[in-house]
Amino acid sequence: MHAELLIHAEWILTVDPDNRQLTDHAVAVADGRIQAILPYEEARRTIQAEQTVELPGHVLIPGLINAHTHASMSLLRGLADDLPLMTWLHEHIWPTEGRWVDASFVADGTRLAVLEMLRGGVTCYNDMYFHPEVTAQVTAEAGMRAVIGMIVVDFPTGYAASPDEYIAKGLALHERYRDHPLIRVAWAPHAPYSVSDAPLQRIATLAFELGVPVHIHLHETRDEVENAVNAHGERPFARLDRLGLIGPSLVSVHMTQLEDAEIARLAETGASVVHCPESNLKLASGFCPVAKLLDAGVNVALGTDGAASNNDLNLLGEMRTAALLGKGVSGSASAVPATEALRMATINGARALGLDNEIGSIELGKSADLVALDLRDPHTQPLYHPVSQLVYAAGRHQVRQVWVRGRQVIRDGAPTTLHVAEVLSEAQIWAARIAE
């Protein structure tokens, strides 16, 4: 058997339905896809590989999936910290965006975010921001995978003047990337409080017709829910349900304010939740009831949110925080175990984005989106259980090799598709402008 690439790791965490942990195995890759998974001695006898990568002391995992972020907001990292959500948005973030966000801001901010995410083992992200066509182009050029949000809000911005214009631009983006190997799209109405009924109804129809997800902030804070009830007499979740948006295409982000009936409805309809634990903690938004959601059978993925409210795009860190917070909120030390946290950061994210047949696990025929971490550091030794060590102890500096569709985008910790000095230089130029 011929393969372009053979990766031999000490451990492989497949994140397949059986959560297999393989020791001294190899993954063979051809045409960007996983061709074989087999013991290394057998691979040496049966596979003719153009390149063999030996990874002693490393664990090989599926590429991590950041299921919610605003990539180019990395240029606003640390601009306005230690503030509640609405103060942060209305008095700092939105005015700054109104002054500075254009295509060049989005391009440079996305490059910074893509560099950070790739070096942290993230191979795919789900984005929501202005100028999504720029985000898509920069991401594709870097060889990274993304689901790019077709942003919609009621109010005019430098990107579009009305909901109709946002939607028209979204349809053009969908048409441009409909057959792209790395870029998919999703409708991205910002939130129930920023998008009115008519655009939401149209999005529900278009999402069904195009077969794409709907990515929205929902029940992020108690104030959001209370304000909706006071103004309209119904909770935002009920409103979206009435408008036909609660269903298998829904990617609902944050969900810190949930009643049992809403959890049951999420499970019944096949909707997904994206948990952003560190952003929610930093903004004091509340606690997503992850253990309850998982027990009910709801698909729960992980996201970082934007670097302006986190302040990093470190999905390994989110895994650890999600596992610990899940235990604290539920009062059970067995809630959100390490194996589940890893699934939330991989296959659950793929499922939320409609990509679970393509990525999210190490299985035959899937895309070779793979990450290798070196666990020989002092703080991940001794090693009894690789998955526990990965979730509770490993850091993103231990990410050494990253492949997307079989193409190596991180080699020995260094990017192969981006120039670090150039990316950082542009970020520093933006910081000087904005700080003035």
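Me: How many residue pairs does the rule find in polar contact across the interface of domain 1 and domain 2, and what makes a pair count?

Reply: Six residue pairs are found there, both partners at pLDDT 80 or more. Each counts because an N or O atom of one residue lies within 3.5 Å of an N or O atom of the other, one able to donate a hydrogen and the other to accept it; residues adjacent in sequence qualify only if both atoms are side-chain atoms. This is a predicted model, so local features need pLDDT of at least 70 and side-chain atom pairs 80 or more, while totals for chains, interfaces and linings use all residues. Numbering runs from 1 along each chain as its sequence is written, and side-chain values use heavy atoms, without hydrogens or water.

Me: What makes E116 and R396 a salt bridge?

Reply: Their side chains meet at 2.9 Å, N to O. A salt bridge needs a side-chain nitrogen of Lys or Arg within 4 Å of a carboxyl oxygen of Asp or Glu, so this pair qualifies. One salt bridge is found across the interface of the two domains, and 21 in the whole structure.

Me: Why does the pair R242 and D197 count as well?

Reply: The closest N and O atoms are 3.7 Å apart, and therefore inside that limit. This pair links distant parts of the chain: R242 sits in helix α8 (residues 236-242) and D197 in helix α6 (residues 197-210), 45 residues apart.

Me: How do you know how much area is buried between domain 1 and domain 2?

Reply: It comes to about 1,800 Å², with carbon and sulfur atoms giving 68%; the figure is the accessible area (1.4 Å probe) that the two parts lose on being put together, summed over both. Y392, R396 and V404 supply 39% of what domain 1 buries against domain 2, more than any other three residues.

Me: How many aromatic pairs are there, and why is the W100 and W430 pair called edge-to-face?

Reply: The count is five. W100 and W430 have ring centres 6.3 Å apart and planes at 90°.

Notes. Rings of Phe, Tyr and Trp (its six-membered ring) pair if their centres lie within 6.5 Å; planes under 30 degrees apart count as stacked, over 60 as edge-to-face and the rest as tilted. Helices (H or I, at least four residues) and strands (E, at least two) are DSSP runs, numbered from the N terminus.
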